[in-house]
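Dear colleague,

I am passing on the structure we spoke about, together with some notes on what turned up when I went through it. Please look it over before you read on.

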Amino acid sequence: MSLEPKQDRSRATRQRLLESTVHCVATRGWSAATVSVIAADAGISRGALQHHFPTREELVVAALEHMFDERRLMVEAMTPPQLTGAERVHAVVATLVELYMGDLFRAALQAWVAAASDPHMLQIIQPLERRFARSVHAAAVEHLGVDDHDPHARTLIQTTLDLARGLALADLLSDDSKRRRRIVRTWSQMLAAELDPGDREMSEHGHQ
């Protein structure tokens with residue numbers, strides 16, 4: 001029985017280290033997120049860190065898995081909006097865009113940059129990123145209520161996700177919230193018209 005509190009403390013320390021790693025990578029950059037920096041951010045000694053993760057690579061790999069798991073959990077926590085038509089589309093698009101904001105995306109971006117010049121890191125990150133991409137695509141399809149077998153609808157979903165990533169990148173250097181809201185609203189209106197065949201037919205007849 002006495003082992004349980006010790007195991008709980010060990011799990012809590014490990015969790016704190018993973019969160020600190022993601023935070024340091026996101027805010028300081030890939031190279032600057034050293035073992036010493038991460039240990040200080042987590043409030044533990046370097047020796048205690050190495051007890052859990054003997055090498056920086058083991059820590060980084062575990063942190064990457066944690067980061068992508070957390071991002072997937074955010075996707076799975078999405079609830080379908082209780083709206084219809086264009087307002088439903090807008091709510092879904094706005095939520096998808098928000099998924100790409102914050103430390104988790106910033107850390108993922110740093111990992112992508114590192115992987116671009118490190119084949120070993122690329123092998124680690126690619127399957128994690130693919131799983132995340134599949135989950136967010138599936139959530140978009142479900143919440144927008146589209147047929148994923150329709151090539152046009154699939155392209156629209158992929159365009160929406162590419163837009164979300166682009167807006168997140170634009171937000172890295174400065175607060176881009178006003179422009180982001182305007183773009184999200186405009187794209188949502190266009191997307192709603194494209195996804196509703198009735199609206200599209202009416203628009204086409206109106207231009208004849």
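How many nonpolar, polar and charged residues does the lining of the largest cavity have? Bearing in mind that this is a predicted model, the lining has eight nonpolar residues and one polar residue, with no charged residues.

The structure holds one cavity of 30 Å³ or more, and the volume of the largest cavity is about 60 Å³. Its lining is made up of Thr21, Val22, Val25, Trp30, Val60, Ala63, Leu64, Met67 and Ala107. The elements that give two or more residues to this lining are α1 and α4 (56–76), and α4 provides the largest share, with four residues.

Leu18 lies in helix α1, which spans residues 3–28. Leu18 counts as buried because its relative accessibility is 8%, the cut-off for buried being under 20%. Leaving aside neighbours within four places in sequence, Leu18 is in contact with Phe53, Leu59, Ala62, Ala63 and His66, and Ala63 is also listed among the residues that line the largest cavity.

As for annotations, the unreviewed UniProt entry lists residues 11–71 as "domain: HTH tetR-type"; over that range the chain is 80% helix and 0% strand, with the end C-alpha atoms 20 Å apart. The unreviewed entry also gives a "DNA-binding region" covering residues 34–53, where the chain is 75% helix and 0% strand and the end C-alpha atoms are 13 Å apart.

With best wishes

Note on methods
Residues are numbered from 1 along each chain as its sequence is written. This is a predicted model: local features need pLDDT of at least 70, side-chain atom pairs count only at pLDDT 80 or more; totals for chains, interfaces and linings use all residues. Side-chain values use heavy atoms; hydrogens and water are left out. UniProt positions are given in the numbering used here, feature names are shortened, and annotations may be inferred rather than shown by experiment. Buried means under 20% relative accessible area, exposed over 50%, partly exposed in between (1.4 Å probe, protein chains only). Contact means heavy atoms within 4.5 Å. On a 1 Å grid over the protein atoms alone, a cavity is a set of points where a 1.4 Å probe fits but cannot get out, and a pocket is an open set with protein on both sides within 12 Å along at least five of seven lines; lining residues have an atom within 4 Å of a point. Grid points are joined across faces, edges and corners, and a volume is the space filled by probe spheres set on the points. Ala, Val, Leu, Ile, Met, Phe, Trp, Tyr, Cys and Pro count as nonpolar, Asp, Glu, Lys and Arg as charged, and the others, Gly among them, as polar.
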